[in-house]
Amino acid sequence: MKRIVILLSGRGSNMQAVVESCAAEGWPAQVAAVVSNRPDAGGIAWAAERGIATAVVDHRGFDGREAFDTELARVIDGFQPDLLLLAGFMRILGNGFVRHYEGRMLNVHPSLLPAFTGLHTHRRAIAQGCKLAGATVHFVTPELDHGPIVAQAIVPVLPGDDEQALSERVLQQEHRLYPLAARWFVEGKLQLQDSVVRHLDGASQLLS
C-alpha cells in the first residue's frame with residue numbers, strides 16, 4: 001500500500017479530488033496526511049473532518065527558506081510518503097528539498113507547459129490570444145514548472161472568456177487529471193527515462 005502526502009496552502013480542491021478518487025476507485029494507496037504552510041487553510045479542516053492526519057508548518061515562523069524546507073521535510077518524512085503531491089502549495093521550494101523527493105513529487109499547473117510557467121497563467125493566455133489552454137501534471141524539479149510532463153488536459157479558450165471563466169474550466173480538468181496521474185504513479189505505470197515520462201500498460205497522457 002503506497003502512502004501519499006499532499007501539500008496545500010488553501011482550500012485544496014485538487015487534494016479533495018485525489019482523496020475522493022483514491023477511495024472510490026480502490027487505489028493500492030492511501031492519503032496518509034495533508035500538510036499546509038497556513039494554519040487557516042480550508043483543506044486542512046476538510047481533511048481532518050475525514051480522519052486524515054494533518055500538520056501545519058507555518059512558513060512565517062522561520063528565518064529563510066532553508067530552515068522552513070528542513071522542518072517541512074522532517075514533518076513530511078514522519079508520514080513515510082511514497083508520493084508527495086503539491087496541490088496549490090504556494091511556496092517555492094529549495095533545491096535541497098526538491099532533490100530529497102526527486103522522482104516521487106508531482107505538481108499540477110494550470111497551463112499547457114512549457115507555456116506560461118509561474119503565476120497568472122489564464123490572464124496571460126487570454127492576453128496573447130491563445131486558442132487552447134489547459135493543465136499539466138509534471139514531476140517537480142529545481143527549475144520552477146519545468147519538470148518531466150506526466151499528462152496534460154486541453155481546454156479551449158472561448159470567445160468572451162475572462163480570467164475567471166477560463167480558470168474555472170481548467171480547474172475542472174485538473175480535478176480529473178491530477179487523480180489520474182497520481183493513480184498511475186502508485187500503480188507503477190510511470191517510468192522516468194532521460195527526463196521523459198514513459199507510460200506503461202496503456203496509460204494515456206492527454207485528456208480533452
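Helix 6 contributes the most to the lining of the largest pocket, giving 4 residues. The model is predicted, so local features need pLDDT of at least 70 and side-chain atom pairs count only at pLDDT 80 or more, while totals for chains, interfaces and linings use all residues. Residues are numbered from 1 along each chain as its sequence is written, and side-chain values use heavy atoms, with hydrogens and water left out. Helices (H or I, at least four residues) and strands (E, at least two) are DSSP runs, numbered from the N terminus.

A pocket here is an open set of points on a 1 Å grid over the protein atoms alone, where a 1.4 Å probe fits, with protein on both sides within 12 Å along at least five of seven lines; lining residues have an atom within 4 Å of a point. Of the 39 lining residues, G88, F89, M90, P110 and L119 are the closest to the centre of the pocket. Two or more residues each come from helix 1, helix 4 (95–100), strand 5 (105–109), helix 5 (121–127) and helix 6 (163–186).

Helix 6 has 24 residues and reaches 34 Å from its first C-alpha to its last, close to the expected 34 Å; the expected span is 1.5 Å times one less than the number of residues. Helix 6 also has a kink of about 25 degrees centred on E174, the bend being the angle between axes fitted to the seven residues ending there and the seven starting there. After helix 6 comes G188, with a positive phi near 75 degrees.

Helix 1 is likewise followed by a glycine with positive phi, G26, near 65 degrees. S21, at 15% relative accessible area, is buried. Beyond its neighbours within four places in sequence, S21 is in contact (heavy atoms within 4.5 Å) with G26, W27 and P179.

In strand 5 lies N107, which counts as buried at 11% relative accessibility. Leaving aside neighbours within four places in sequence, the contacts of N107 include L86, H138, D145 and Y178.

Note on methods
Buried means under 20% relative accessible area, exposed over 50%, partly exposed in between (1.4 Å probe, protein chains only).
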